[in-house]
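Dear colleague,

Please find the structure below, handed over for your review. The findings follow directly after it.

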Amino acid sequence: MDIEQRQSELIDHFVKQASAVSNAPSLASVIVEATSNPLLFAFSEILALPNVLQLEATDNSVYLDLLRLFAHGIWSDYKSNSDRLPQLTPDQILKLKQLTVLTLAETYKVLPYDQLMQELDVTNVRELEDFLINECMYAGIVRGKLDQLRRCFEVQFAAGRDLRPGQLGNMIQTLSNWLSTSENMLVSIQDKIKWADAMSEIDKKHRKDVEEKVEEVKKSLFKLHTVSRPTSTSEGMRRSALNLVE
């Protein structure tokens, strides 16, 4: 089963589970379970549920903030706001660090080891590489190459995270700009093709004109040669006759 299908099934499971409860403590338990699940990396569908959003401004609002953290945040965000969030379990800490790698892999294609160790609170390269291999690549959320010589992780694939607020609009604008640029490039390419075709026709015409002129010159030379040969023969005969007379 690929990661997209697995995510889809887990999302459906937790959406149904969260939709079926209405009291805040039960919702909080669902959120903790979802954010602890080792196979779930997308939370926007759960976050969008009306009863989940109703946790805002309640005694359990910290669990809504926790869900937002797992949907859009990284490990450093938790460290900066740990006094306002529930204490994370080891499974949640692992999950948030995995999501941190995902966020970095979405942004950069080459991740220096020093940056990763700082973001993940990892103290040495061996621990970092073990984490990337065992917890990220084997989990299917990223693929890439560990370059020990350059001390970096070269990203080849990264599973997408939940879109952050405002990110969809930015993506649409980026795609619109790309489409506009592509259309302008297409027009430019078509103009260059037309120019190339026109130059080809001019070249063909020029080549034809040159060939015709060459033929004309050949014909003129041939006529000149034909006319000059009898004259040369008569002159030779006249000289021979004079020699005999003498």
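Helix H9 (residues 125-137) lies across S2 and S3, running at about 160 degrees to S2. Here, contact means heavy atoms within 4.5 Å; axes are lines fitted to C-alpha atoms, for helices over the stretch in contact, with angles from 0 to 180 degrees between N-to-C directions. Helices (H or I, at least four residues) and strands (E, at least two) are DSSP runs, numbered from the N terminus.

This is a predicted model: local features need pLDDT of at least 70, side-chain atom pairs count only at pLDDT 80 or more, and totals for chains, interfaces and linings use all residues. Residues are numbered from 1 along each chain as its sequence is written, and side-chain values use heavy atoms, leaving out hydrogens and water.

Helix H7 (residues 90-107) lies across S1, S2 and S3, at about 85 degrees to S3.

The sheet itself is open and antiparallel, with three strands in the order S1-S3-S2. Its edge strands, S1 (110-112) and S2 (142-147), each pair on one side only; pairing requires at least two DSSP bridges between two strands. From one strand to the next, the twist averages 30 degrees. Three bridges join S1 to strand S3 (residues 152-158) in the antiparallel sense, and Leu111 has Phe153 in S3 as its bridge partner.

Elsewhere, helix H10 (residues 167-245) contains Ile193. This residue counts as partly exposed because its relative accessibility is 45%, the class between buried (under 20%) and exposed (over 50%), with a 1.4 Å probe and protein chains only.

Kind regards
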